[in-house]
Amino acid sequence: MKRDMDLIREILIAMEERPAEARGETLHVADRSDTEVAYHLRLLVDAGFITAIKASSNAGPAWLPLDLSMKGHDFLDAARDKTRWTKATTLMKEKAGGFALDVLRDLLVGMVRGTISP
């Protein structure tokens, strides 16, 4: 399965917006399969952006998201603005031909820094 950075952003936003009592429940994302969401949840766990419980079975992969990590919150804060996100992902595609999560994060943070003046 191919990594989808827009889905990663959608998952982080959805996790942040979920009420505390939804912690550990299946996360559904509109127009995305549960398998696709589970794959990206695993990627976010691997990257240290979230904590989640692995709940895979013979029926297929499954991850139950718990919390965003500090790293996940930081990334989301930089990626939240849709205009900045679109500009950064377009730039990554044009200049690098793809994405490296850490490079995308650094680019987003740099863009945030550029909008803040003392």
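Okay, let's start inside: Phe75 and Trp85 are both buried. By buried I mean under 20% relative accessible area, while exposed is over 50% and partly exposed is in between, using a 1.4 Å probe and protein chains only.

Some housekeeping first. This is a predicted model, where local features need pLDDT of at least 70 and side-chain atom pairs count only at pLDDT 80 or more, while totals for chains, interfaces and linings use all residues. Residues are numbered from 1 along each chain as its sequence is written, and side-chain values use heavy atoms, with hydrogens and water left out.

Now, the rings. How many aromatic pairs does a search of the whole structure find? It turns up 2. Rings of Phe, Tyr and Trp (its six-membered ring) pair if their centres lie within 6.5 Å; planes under 30 degrees apart are called stacked, over 60 edge-to-face, and the rest tilted.

Since Phe75 lies in helix α3 and Trp85 in helix α4, the pair ties together parts 10 residues apart in sequence. Put together, ring pairs link Phe49, Phe75 and Trp85 into a cluster.

Leaving aside neighbours within four places in sequence, Ser69 is in contact (heavy atoms within 4.5 Å) with Gly48, Phe49 and Ile50. The Ser69 side chain also reaches the backbone oxygen of Gly48 at 2.5 Å. That's a polar contact: a pair of N or O atoms within 3.5 Å, where, within protein, one must be able to donate a hydrogen and the other to accept it, and residues adjacent in sequence count only if both atoms are side-chain atoms.

Trp85 takes us to helix α4. This helix covers residues 82–96, has 15 residues and reaches 20 Å from its first C-alpha to its last, close to the expected 21 Å. That expected span is 1.5 Å times one less than the number of residues.

Which residues of α4 are buried? They are Arg84, Trp85, Ala88, Thr89 and Met92. These cover an arc of only 120° around the axis (counting directions from the helix axis to the C-beta atoms), so they end up on the same side of α4. The buried residues pack against α1 (5–17), α3 (70–79) and α5 (101–115). On the face turned away from that buried side you'll find the exposed residues Thr83, Lys87, Lys93 and Glu94.

What about the ends? Asp81, in the loop between α3 and α4, caps the N-terminal end of α4, with a side-chain oxygen 3.3 Å from the backbone nitrogen of Thr83. The Asp81 side chain also reaches the backbone nitrogen of Arg84 at 2.7 Å. Asp81 counts as partly exposed because its relative accessible area is 35%. Just after α4, Gly97 takes a positive phi of about 75°.

Last topic: charges. Side chains of opposite charge can pair when their charged atoms come close. The structure holds 9 salt bridges, each being a side-chain nitrogen of Lys or Arg within 4 Å of a carboxyl oxygen of Asp or Glu.

Arg23 and Asp67 form one of them, at 2.6 Å, N to O. This pair links distant parts of the chain, with Arg23 in the loop between α1 and α2 and Asp67 in strand β2, 44 residues apart.

Glu10 and Arg32 form another, at 3.3 Å, N to O. With Glu10 in helix α1 and Arg32 in the loop between α1 and α2, the pair ties together parts 22 residues apart in sequence. Arg32 forms a salt bridge with Glu36 as well, the closest N and O atoms being 3.1 Å apart. Asp4, Glu10, Arg32 and Glu36 are linked in a network of salt bridges.

Notes. Helix = DSSP H or I, 4+ residues; strand = E, 2+ residues; numbered from the N terminus.
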